[in-house]
Amino acid sequence: MTGGTSMLDHIFITVTDIARAVAFYEQALAPLGIVHAVDYDGKDGPPGHPDLKGFGAGGRVFFWLRQGAADPRSVHISFVAKSEAAVNAFHAAARLAGAADNGEPGPRLHYDPRYYAANVLDPEGHSLEAVYKNWQLLQA
């Protein structure tokens, strides 16, 4: 949402341990202003709909966890950060919550000199990034 209209409404990722994943994401996403916002009971949806744990910000829920068998290599998720300090705080919080480092906070010159990011692997191995792109925030 920051920096204009998002073309992505939501994403689900599958985790093998939902309680561990919720605890991890509550801690890791807090510096980005993303919170555990809602739990959805799958029986309220169409047949076979999974139970979901939803995270969001600004009145929107856009990141969902579901329990099951997963291949964490099949997804990369990048969350918007509002500053370099928020990227740094995300990396520190995620590491404290049990993430493996997958790229210390800093510029990603191979993308753009203004692209500042940090990368981790969550406890299930999903690739996560927090990124600050100041040119996108200036358009807001």
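Colleague: Where is the place of Thr14?

Modeller: Thr14 sits in strand E1 (residues 11–15); strands (E, at least two residues) and helices (H or I, at least four) are DSSP runs, numbered from the N terminus. This is a predicted model, in which local features need pLDDT of at least 70, side-chain atom pairs count only at pLDDT 80 or more, and totals for chains, interfaces and linings use all residues. Residues are numbered from 1 along each chain as its sequence is written, and side-chain values use heavy atoms, with hydrogens and water left out.

Colleague: Is Thr14 buried or exposed?

Modeller: Thr14 counts as buried, at 15% relative accessibility. Buried means under 20% relative accessible area, exposed over 50% and partly exposed in between, with a 1.4 Å probe and protein chains only.

Colleague: With which residues is Thr14 in contact, leaving aside neighbours within four places in sequence?

Modeller: They are Arg66, Gln67, Gly68, Ala69, Ala70 and His126, where contact means heavy atoms within 4.5 Å.

Colleague: Turning to the helices, at what angle do H1 and H2 pack?

Modeller: Helix H1 (residues 18–29) and helix H2 (residues 84–96) pack at about 155°, and their axes are 7 Å apart. Axes are lines fitted to C-alpha atoms, for helices over the stretch in contact, and angles run from 0 to 180 degrees between N-to-C directions. The angle makes H1 roughly antiparallel to H2, a term for angles over 145 degrees, while under 35 is roughly parallel, 65 to 115 roughly perpendicular and the rest oblique.

Colleague: Which residues make that contact?

Modeller: H1 contributes Phe24, Gln27, Ala28 and Leu29, and H2 contributes Phe90, Ala93, Ala94 and Leu96.

Colleague: And the aromatics: how many aromatic pairs are there?

Modeller: The count comes to seven. Rings of Phe, Tyr and Trp (its six-membered ring) pair if their centres lie within 6.5 Å; planes under 30 degrees apart are stacked, over 60 edge-to-face and the rest tilted. One of the pairs is Tyr25 with Phe55, edge-to-face at 6.3 Å centre to centre and 65° between the planes.

Colleague: What does that pair tie together?

Modeller: Tyr25 lies in helix H1 and Phe55 in strand E3 (residues 52–57), so the pair links parts 30 residues apart in sequence. Tyr25 is buried at 0% relative accessibility, and Phe55 is buried at 0% as well.

Colleague: Which residues form the aromatic cluster?

Modeller: Phe24, Tyr25, Phe55, Phe63 and Phe79 form one cluster.
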